[in-house]
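Subject: Structure handover

Hi,

Here is the structure I promised to pass on to you.

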Amino acid sequence: MKGIRRLLALGLFLAVLTPVQAAGAELSVAGKSAVLMDVATGTVLYESNANEPLAPASVTKIMTMLLIMEAVDSGSISMTDQVTASETAAAKGGSQIYLKAGETMSVSDMLKSIAVSSANDCACAMAEHIAGSEEAFVARMNQRAQELGMKNTHFVNCTGLDDSPEAASHKTTAYDIALMSRELLKNHPKIKEFTTIWMDTVRNGTFGLSNTNKLIRFYQGATGLKTGYTSSAGYCLSATAQRDGMELIAVVMGADTSQNRNAACKQLLDYGFANFALIQPELTETGDVPVRLGTQDGVPVQMGDFSGLLIDKSQKSSVTTQVTLEEVATAPVSQGQRLGTLKVLSGDQLLREVPLVAAQSVPRMTWGAMFVKVLKQVAMAKV
């Protein structure tokens with residue numbers, strides 16, 4: 001059943017749950033399933049058969065790229081490391097850059113080839129480089145999927161190829177694809193240096209790459225992310241774009257043509273940007289909260305856990321904030337201790353309460369330090 005779920009993302013300190021009022025009629029999107037998700041909050045703005053397990057084809061490589069980026073960002077590998085292609089990697093079919101067994105290429109060029117040209121041989125080579133074998137890497141893919149809450153996903157390979165009998169169980173959903181896309185974009189933004197490439201080369205300029213995601217060139221603000229196609233999966237795409245401080249993920253699975261797939265993702269992104277806005281209130285000039293009996297006289301505050309607030313775009317001009325801080329805190333003060341509240345309002349309507357917390361710890365003064373401080377105050381009073 002097709003429908004639009006317009007809810008504010010739930011936060012730990014949500015004061016009032018208010019439906020996001022969308023403008024416009026219910027969408028009708030091509031493909032077997034679709035999802036539109038906000039990156040910052042994880043709010044689903046549209047869904048159609050979002051939890052139906054389907055073959056994802058090369059959209060699978062979003063998880064492959066996520067594990068590569070996690071390995072790079074953790075320091076276990078670097079972009080300059082040289083990766084040697086095995087016979088198994090070189091024998092991969094489908095989209096490839098035709099690696100030869102024993103050929104070496106940097107992690108950076110391998111990742112570029114995966115992101116831009118969906119190179120199956122490079123995906124396999126990177127899987128072997130990180131985990132020792134594709135099978136071990138796939139086990140990590142499935143483990144990571146469970147950690148991300150991808151409840152209807154089972155990976156069999158790192159490429160999305162469905163040319164083997166066991167690949168019949170290689171399935172995921174539009175919603176699960178949105179989850180892994182969000183994780184990749186939100187926590188590893190460097191990936192966009194690769195997914196936004198339109199044309200480039202590897203092998204010292206001798207092999208050309210052209211992005212399989214045509215929205216990169218033809219959709220304003222496009223940031224990625226990954227296409228997929230096999231005859232059984234149909235045309236799939238996780239398309240991402242950023243405008244006015246808001247980044248969206250549009251996932252379409254099982255479209256009948258690449259043109260319909262691209263048009264469906266464009267339709268979803270257009271809908272999201274036209275009807276919603278992400279509010280990121282700034283905390284300015286609040287001053288420190290005074291601290292009694294502390295090693296310092298005050299402590300600065302910052303916003304607690306808050307990834308933004310998604311609202312109807314029509315509300316944006318009426319949004320205001322109010323800050324309330326405790327008059328004084330008594331040491332010891334722990335970093336992250338709640339010391340106030342920031343209210344986000346639209347007119348008289350409370351949209352969200354955001355905790356304001358101590359930006360650092362303030363230990364309690366020792367008795368000796370208290371005595372010295374009192375003596376100094378007395379001495380200054382006599383002067």
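Valine 291 stands opposite alanine 329 in E17; strands here are DSSP runs of E with at least two residues, helices are runs of H or I with at least four, and both are numbered from the N terminus. A quick word on conventions: this is a predicted model, in which local features need pLDDT of at least 70 and side-chain atom pairs count only at pLDDT 80 or more, while totals for chains, interfaces and linings use all residues. Residues are numbered from 1 along each chain as its sequence is written, and side-chain values use heavy atoms, with hydrogens and water left out.

Back to the strands. Strand E12 (residues 289-292) runs parallel to E17, and two bridges join them; two strands pair if DSSP finds at least two bridges between them. Also in E17, threonine 330 is the bridge partner of arginine 292. E12 pairs with E13 too, this time in the antiparallel sense and over two bridges, with valine 289 opposite valine 299 in E13. The hairpin of E12 and E13 has five residues between the strands, and leucine 293 takes a positive phi near 65° there.

Put together, this gives an open sheet of three strands in the order E13-E12-E17, with mixed pairing. Its edge strands are E13 (298-299) and E17 (329-330), each of which pairs on one side only. Buried means under 20% relative accessible area, exposed means over 50%, and partly exposed is in between (1.4 Å probe, protein chains only).

Now the helices. Two packed helices are described by the angle between their axes and the distance between the axes. Helix H3 (residues 107-117) packs with helix H4 (residues 120-131) at an angle of about 135°, and their axes are 8 Å apart. That makes H3 oblique to H4. For reference, angles under 35 degrees count as roughly parallel, over 145 as roughly antiparallel, 65 to 115 as roughly perpendicular and the rest as oblique. Axes are lines fitted to C-alpha atoms, for helices over the stretch in contact, and angles run from 0 to 180 degrees between N-to-C directions.

The axes of helix H1 (residues 61-74) and helix H6 (residues 174-187) come within 10 Å and cross at roughly 30°, so H1 is roughly parallel to H6.

Alanine 127 has its place in helix H4 and is buried, with a relative accessible area of 0%. Between alanine 127 and threonine 64 there are 7.6 Å in space, C-alpha to C-alpha, although the two are 63 residues apart in sequence.

What about the rings? A search of the whole structure finds three aromatic pairs. Among them, tyrosine 229 and tyrosine 235 are stacked, at 4.2 Å centre to centre and 25° between the planes. Rings of Phe, Tyr and Trp (its six-membered ring) pair if their centres lie within 6.5 Å; planes under 30 degrees apart count as stacked, over 60 as edge-to-face and the rest as tilted. Tyrosine 229 is partly exposed at 44% relative accessible area, and tyrosine 235 is partly exposed at 22%. Tyrosine 271 and phenylalanine 276 form an edge-to-face pair, 5.8 Å centre to centre with 75° between the planes, and both are buried.

Best wishes
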